[in-house]
Amino acid sequence: MKKIAVVTTGGDAPGMNAAIRGVVRIASSKKFRVLGFRRGWEGLITNSFTPLTPRSVGGILQLGGTLLHTSRCPEFEKKEGIRKVTETLASNQIDGLVVIGGNGSLQGALELSRSTDVQIVGIPASIDNDVFGTDETIGFDTAVNTAVAEIDKIRDTAVSHERVFMIEVMGRERGFLALEIGLTVGAEIILLPEVSYRKENLFGIVRENRAKGKKSGLIVAAEGIGDTRVLAGQIQRNTQTEVRLSIIGYAQRGGNPTARSRLLASLFANRAVEQLLGEEGNSVVGLQDGKITCVELQKSCKTEKVLDPTLLRLAKLLAT
Ligand code: F6P
């Protein structure tokens, strides 16, 4: 193997830069040349790249976002898009491709793997933490910490005004972010797309909390549960409690990666290059029970990662 390509695709995640740096520096130490393709799959379709060297990735370890930029690329979902990518890989004599991204990016990598012999390795990077084959994705820890810092501030005003706050956090259709954020801010209620709830029960919990002296409260809701504006209004009307809604939004995707996100990015990058060196492509690196591991790309894409129900039970116990 002589030349590898690296690309960041889909929603950005803090720590993507640390992963690019890791891939470039480790690959360079093994005498690979590295090309960084710009704006995700789009750069592989339009043949837009920049050569990356250990020096050109200096000073990015601590930065959020991605030096290579990223995009959602509908063209890549069509046959023609995949064909153009395989052409770009062939014309640049690429032997291995590192895809840094989340669930959707890895699905794209799987599609591509069906049309090329280039070895592909996925590095899971997404604030959603919804990739099977890893306990944690790059950027998840940073996003949790960003949201927790915000909600700690919201708690101050909730307490002063004796209000209940519903805070909507990201996560697409999954509740990994909401669950960990909810538990660590001490939310009285955590609403996840994976767990159905009855509105009457919700109203009951809010009323009971008031009755037992909890004058303020926090409800952490995953964006995937539906319209939080409507739900916040319903809780207010049915509990005679002042309820405010706060949507944290895209701030969760930005900011300097935490030490943990940087560490994970560096470990994943190292393993990804090792996989390519051993010609063991079509795999996704991950962290499982404290160890750096790998699963087949196909398995990662076709298996749904399961939420830990014990965390939700613990959060409920702690919120009494
Ligand atoms: O996948 C990461 C994520 O931030 C999700 O949590 C969110 O639902 C989505 O991306 C937003 O996507 P976009 O950047 O296309 O608006």
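A cavity here is a set of points, on a 1 Å grid over the protein atoms alone, where a 1.4 Å probe fits but cannot get out, and its volume is the space filled by probe spheres set on the points. This is a predicted model, in which local features need pLDDT of at least 70, side-chain atom pairs count only at pLDDT 80 or more, and totals for chains, interfaces and linings use all residues. Residues are numbered from 1 along each chain, and side-chain values use heavy atoms, without hydrogens or water.

**View 1. The largest cavity holds about 80 Å³ of space.**
Its lining residues (an atom within 4 Å of a point) include Val164, Glu188, Arg210 and Leu218. Helix α7 (199–211) and strand β8 (217–222) each give two or more residues to this lining; helices (H or I, at least four residues) and strands (E, at least two) are DSSP runs.

**View 2. Four strands form an open, parallel sheet in the order β7-β8-β6-β9.**
Strands pair if DSSP finds at least two bridges between them. At the edges lie β7 (189–191) and β9 (243–247). Strand β6 (residues 164–169) joins β9 over five bridges, and Phe165 stands opposite Arg244 in β9.

**View 3. Helices α1 (residues 16–29) and α9 (residues 259–277) cross at roughly 35°.**
Their axes, lines fitted to C-alpha atoms over the stretch in contact, with angles from 0 to 180 degrees between N-to-C directions, come within 8 Å.

How values were computed: 1 Å grid on protein atoms, 1.4 Å probe; cavity = no way out; pocket = protein on both sides within 12 Å on 5 of 7 lines; lining within 4 Å.
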